[in-house]
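Let's take a walk through this model together, helix by helix and then residue by residue. Please have the fold in view as you read.

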Amino acid sequence: MADDYLVRIGKLIRDARQHRGWTQTQLADALATSQSAVNRIERGNQNISLEMIARIGEALDSEIVSLGYAGPMHLRVVGGRRLSGSIDVKTSKNACVALLCGSLLNKGRTVLRRVARIEEVYRLLEVLNSIGVRTRWINDGVDLEIVPPADLDMEAIDADAARRTRSIIMFMGPLLHRMDSFRLPYAGGCDLGTRTIEPHMIALRRFGLDIAATEGLYHAQVDRSVAPGRPIVLTERGDTVTENALLAAARHDGTTVIRNASSNYMVQDLCFFLEALGVRVEGIGTTTLTVHGVPSIDTDVDYSPSEDPVEAMSLIAAAVVTESQLTIRRVPIEFLEIELAVLEEMGLDHDLTPEYPADNGRTRLVDLTVRPSKLEAPIDKIHPMPFPGLNIDNVPFFAAIAAMAQGQTLIHDWVYDNRAIYLTDLNRLGGRLQLLDPHRVLVEGPTRWRAAEMMCPPALRPAVVVLLAMMAAEGTSVLRNVYVINRGYEDLAERLNSVGAQIEIFRDI
């Protein structure tokens, strides 16, 4: 029993090291020990103390290792500091998770460039590894290589990792082409209220997929005699719904028309990736996609996902709330034009460079400089719409921005059940936000932020909004248990520190 326990600990450490892109020698150097000692630890052949486990967790900055021993990660924020200089936007979280799911379509080697090193990606990698997919970080941990097995072992799926990400639902589209039956754990992710998978099922039933949900699992059966003979009309213009339909259509031997499709940034990136796999997709960027599927995909593909417009919006908000001049580089402008139009009406002072192409050769980027501005509340309410409207995930950042503006701003976050409620956490930091109902909040500005200690909201974007307000508040704030931020942002604290913030990462041991 003791030996089995050491083996399990060793596997946790090995996975955490690989996720960081380190060799055993690099970890040994950080621990001031030998590579052979690290090798013995990872194979479960070395007795290991709690103190050593804590040191390893700190060296790897890994929630996987530290969660049960050194405790969750917290942030200590010294606010009231101006930001300056420039910061690059990382690749898109939502595109990267879609491409990881899309790699299951391919029998060949997939290389994804500059993959976001975030917890959501790590959870999907744990799931992929558990069913037999080989993954490794290459090129000093910048890029990700994915090599599938001939047969997936779905019985060995890491259910705990799967339940911690809603992205697992996008396994359905690829898997229905690989096996006649399979089981998937219920999808998790942010706490944003009830989110039905019925729109996914309406689309995937057209490919013969039937789902029964029992005891925390989706039980899937595939009827090979069923194929979409007419256009698929999605009942909601959702991003993951569209992606699942695309993934199913990619290996359907025929032409599939998808109507009421999302044309958002992650959907476009998935379409570009499918084209790299040899699948022709017409109508990219529109709400009607025509997919010319191929029954088998066996190719070595190299693809660069584009930058994340929601992270770009986060950095714009950081500059606004801290009243800073900051240059944000590699901004995917076509997915932020509505947001910038609203900010211009509010009085934002900013400049844009000429456009240039992203590494995928398709997405348009700019560098954006934001300057301290005297903002006025917008006349109209802030509300999201499917692309090309104001991005659903960007709405929470307007709560912090509106708090800096003179007047009242109505924010109507109609998509999610709970998210507007979490925005009222800003009141702990001096904000004046009135919750009108579960979807509408009235923001009064301008705000004199004040420091506070609080728990991180359980939803990604509101959690980052709280962090940004702490950066603007004079004094020292503490934000506890920030795992949800790490789900969607790579090294956010360190990157904000590089442009003048003062954020310390710490854990309770």
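A word on the ground rules comes first. This is a predicted model, in which local features need pLDDT of at least 70 and side-chain atom pairs count only at pLDDT 80 or more, while totals for chains, interfaces and linings use all residues. Residues are numbered from 1 along each chain as its sequence is written, and side-chain values use heavy atoms, with hydrogens and water left out.

Let's begin with the helices. Two packed helices are described by the angle between their axes and the distance between the axes. Here the axes are lines fitted to C-alpha atoms, for helices over the stretch in contact, and angles run from 0 to 180 degrees between N-to-C directions. Helices (H or I, at least four residues) and strands (E, at least two) are DSSP runs, numbered from the N terminus.

Start with helix α2 (residues 24-31) and helix α3 (residues 35-42), whose axes come within 8 Å and cross at roughly 105 degrees. That angle makes α2 roughly perpendicular to α3; angles of 65 to 115 degrees count as roughly perpendicular, under 35 as roughly parallel, over 145 as roughly antiparallel, and the rest as oblique. On the α2 side, Gln-24, Thr-25, Leu-27 and Ala-28 make the contact, and they meet Gln-35, Val-38, Asn-39 and Glu-42 of α3. Contact here means heavy atoms within 4.5 Å. By class, these residues divide into three nonpolar, four polar and one charged, where Ala, Val, Leu, Ile, Met, Phe, Trp, Tyr, Cys and Pro count as nonpolar, Asp, Glu, Lys and Arg as charged, and the others, Gly among them, as polar.

Now move along to helix α15 (residues 395-402), which packs with helix α14 (residues 337-346) at an angle of about 15 degrees, the axes being 12 Å apart. The two are therefore roughly parallel to each other. Phe-398, Ile-401 and Ala-402 in α15 meet Glu-339, Val-342, Leu-343 and Met-346 in α14. This contact has six nonpolar residues, no polar ones and one charged.

Helix α15 also packs with helix α17 (residues 460-472), at about 20 degrees and with the axes 8 Å apart. This makes α15 roughly parallel to α17. From α15 come Pro-396, Phe-397 and Ala-400, and from α17 come Arg-461, Pro-462, Val-464, Val-465 and Leu-468. Seven of the residues in this contact are nonpolar, none is polar and one is charged.

What about the cysteines? With a disulfide taken as a pair of cysteine sulfur atoms within 2.5 Å, the count comes to zero disulfides. Cys-101 is in none, and the nearest cysteine sulfur, that of Cys-96, is 11 Å away. Cys-101 counts as buried at 0% relative accessibility, and Cys-456 is buried too, at 12%. Buried means under 20% relative accessible area, exposed over 50% and partly exposed in between (1.4 Å probe, protein chains only).

Finally, visit two single residues. Thr-290 lies in strand β12 (residues 288-292) and is buried, with a relative accessible area of 17%. Leaving aside neighbours within four places in sequence, Thr-290 is in contact with Thr-255, Thr-256, Val-257, Arg-280, Val-281 and Glu-282. Ala-150, in the loop between β5 (143-147) and α8 (159-163), counts as exposed at 74% relative accessibility. From Ala-150 to Asp-308 there are 158 residues in sequence and 33 Å in space, C-alpha to C-alpha.
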